[in-house]
Amino acid sequence: MTLTWIAGQLAGLVALAFCMAGFASKQDDRLLVLLISANVAFALQFVFFQSWTAAALTLLVIVRILLARRHQGNRLLMSLLLLANFMAAALTWQSWIDLLPLMAATLGTVGMFMLRGIPLRILLGMAAFCWLLNNLLIGSFGGSLAEGLILVTNAYTIWRLAKLQREQQVT
């Protein structure tokens with residue numbers, strides 16, 4: 001157990017706190033703002049674990065969140081960000097494990113630019129599953145716990161949103 005390893009675990013736990021607050025929210029804007037904070041912590045976690053593709057793609061996730069909030073539906077920006085994701089992955093690639101952050105970044109980019117509400121959260125849930133596998137494989141307990149709890153919280157929020165939609169259809 002090194003200081004770097006402990007710092008990586010702590011960064012993952014900080015990210016967990018931000019993610020739980022975000023995915024528990026029924027408001028898309030609040031979700032996106034809290035995800036920015038979580039991704040700063042995740043990027044630090046990946047740096048501590050020397051998972052360079054995950055760190056680079058996580059920094060691009062922050063850019064994506066900022067752009068998607070202001071330019072939702074903009075296919076050109078989405079395409080440019082997808083290209084940036086692939087370029088960052090190509091430049092930092094270490095092993096097949098790096099495919100997981102690339103898949104997560106791709107799913108999240110499409111979701112945040114093109115979707116809202118339940119469909120957005122479904123794609124973000126798929127991205128969280130990719131991040132969960134990545135965190136398990138690099139040995140991040142904090143990050144794995146964060147992504148696992150994100151999956152559960154996200155599923156519960158999807159259920160709440162679906163219930164709200166059904167109630168609104170009845171009235």
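Biologist: Why is Ser 37 called partly exposed?

Modeller: The relative accessible area of Ser 37 is 27%, and since buried means under 20% relative accessible area, exposed over 50% and partly exposed in between, with a 1.4 Å probe and protein chains only, Ser 37 is partly exposed. As background, this is a predicted model in which local features need pLDDT of at least 70 and side-chain atom pairs count only at pLDDT 80 or more, while totals for chains, interfaces and linings use all residues. Residues are numbered from 1 along each chain as its sequence is written, and side-chain values use heavy atoms, with hydrogens and water left out.

Biologist: What makes α1 and α2 roughly antiparallel?

Modeller: Helix α1 (residues 3-23) and helix α2 (residues 28-48) pack at about 170°, with axes 8 Å apart; the axes are lines fitted to C-alpha atoms, for helices over the stretch in contact, and angles run from 0 to 180 degrees between N-to-C directions. Angles under 35 degrees count as roughly parallel, over 145 as roughly antiparallel, 65 to 115 as roughly perpendicular and the rest as oblique, and α1 and α2 are therefore roughly antiparallel to each other.

Biologist: Which residues of α1 and α2 meet?

Modeller: With contact meaning heavy atoms within 4.5 Å, the residues that meet include Ala 7, Ala 11 and Phe 18 in α1, and Leu 34, Ser 37 and Phe 42 in α2. The residues of this contact divide into 16 nonpolar, 6 polar and 1 charged.

Biologist: How do you know that the pair of Phe 46 and Trp 131 is stacked?

Modeller: The search of the whole structure finds 4 aromatic pairs, where rings of Phe, Tyr and Trp (its six-membered ring) pair if their centres lie within 6.5 Å, and planes under 30 degrees apart count as stacked, over 60 as edge-to-face and the rest as tilted. The ring centres of Phe 46 and Trp 131 are 5.4 Å apart and their planes are at 25°, so this pair is stacked. Phe 46 belongs to helix α2 and Trp 131 to helix α6, so the pair ties together parts that are 85 residues apart in sequence. Phe 46, at 1% relative accessibility, counts as buried, and Trp 131, at 10%, counts as buried.

Biologist: Why is the pair of Tyr 156 and Trp 159 called stacked?

Modeller: Their ring centres are 5.7 Å apart and the planes are at 25°, so the pair is stacked. Both residues lie in helix α7 (residues 141-170), 3 residues apart, about one turn of the helix. Tyr 156, at 46% relative accessibility, counts as partly exposed, and Trp 159, at 45%, counts as partly exposed.

Biologist: What makes Gln 50 count as exposed?

Modeller: Gln 50 has 52% relative accessibility and therefore counts as exposed. Gln 50 lies in the loop between α2 and α3, and its phi is near 55°, a positive value in a residue other than glycine.

Conventions: Helix = DSSP H or I, 4+ residues; strand = E, 2+ residues; numbered from the N terminus. Nonpolar A, V, L, I, M, F, W, Y, C, P; charged D, E, K, R; others polar.
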